[in-house]
Amino acid sequence: MRYGDFHADGTDGGALADRTGADALAERTGGGTAADRTGGGTAADRRLLAALRDCGDRPAVAAAARSLSYAGEHAALWLAAGLTGAAADPARRSAWLRATAAVAGAHLASMAVKRVVRRPRPPESGGRAALVRTAGRHSFPSSHAASASAAAVAFGALLPRGGGRRLLPAAVAAAMCVSRVVVGVHYPTDVLAGALLGGFTARVPTVTRPRTAGSRNGRPV
């Protein structure tokens with residue numbers, strides 16, 4: 001059997017014949033293509049990205065990841081949730097609006113950092129394209145993660161303590177963060193940096209806002 005007909009790992013040799021020798025060698029040894037190695041992520045980034053990207057081969061996981069990614073585009077889900085909270089809780093409307101502003105601020109801050117860092121998004125790997133389209137070319141930090149983390153902190157503080165309701169924003173935010181790696185448009189470190197940025201941004205209004213005698217962290221006492 002000729003090398004060009006069939007490769008040892010089961011791939012079609014015709015496609016390999018069109019690649020450079022370095023790319024073919026990297027694929028045989030599990031190192032990915034040359035494009036994979038120069039995409040901007042660390043070695044650990046690429047390994048975890050590949051593992052989570054494999055999860056996206058399952059239709060149900062792919063559908064859930066796409067839905068979360070679309071919902072978090074431009075922080076739409078979180079901004080809508082914040083405005084809904086402001087409308088449903090008139091007594092603390094100003095607190096909900098501040099929290100919503102913090103989410104918007106986290107999103108804008110992440111966009112500003114992206115313009116400075118300019119890390120490219122992960123390249124296609126193993127012939128698999130990203131599962132969603134992206135609004136921009138730059139990857140670090142994840143704006144989805146920034147707005148989701150900000151919402152988890154800011155909205156979670158405003159929800160009642162009982163029944164685990166405070167955990168709901170955090171659970172959705174965590175799923176949304178993971179979804180960005182599953183769909184193949186962010187490295188894990190993009191998501192981690194975005195989450196840290198969002199959490200910090202959400203805490204700034206609480207730390208800097210002076211307390212009044214009848215309130216604690218924006219909540220009536």
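Start by selecting helix H7 (residues 93–117) and helix H8 (residues 143–156), which pack at an angle of about 155° with their axes 8 Å apart. Helices here are DSSP runs of H or I, at least four residues, numbered from the N terminus; axes are lines fitted to C-alpha atoms over the stretch in contact, and angles run from 0 to 180 degrees between N-to-C directions. That angle makes H7 roughly antiparallel to H8 (the word is used for angles over 145 degrees).

Before going on, note that this is a predicted model, where local features need pLDDT of at least 70, side-chain atom pairs count only at pLDDT 80 or more, and totals for chains, interfaces and linings use all residues. Residues are numbered from 1 along each chain as its sequence is written, and side-chain values use heavy atoms, without hydrogens and water.

Next, show the side chains where the two helices meet. From H7, pick residues including Trp 96, Val 103 and Met 111; from H8, residues including Ser 143, Ala 150 and Phe 155.

Now select Trp 78, Trp 96, Val 103 and Phe 155. What are they part of? These are the residues with the most contacts inside the largest nonpolar core, which has 20 residues. Such a core is a set of buried Ala, Val, Leu, Ile, Met, Phe, Trp, Tyr and Cys residues joined through side-chain atoms within 4.5 Å, buried being under 20% relative accessible area with a 1.4 Å probe, protein chains only. Helix H6 (76–88), H7, H8 and helix H9 (167–182) each give two or more residues to this core, and H8 gives the most, with seven.

Notes:
Parallel < 35°, antiparallel > 145°, perpendicular 65-115°, else oblique. Contact = heavy atoms within 4.5 Å. Buried < 20%, exposed > 50% of the residue type's maximum accessible area, 1.4 Å probe, protein only.
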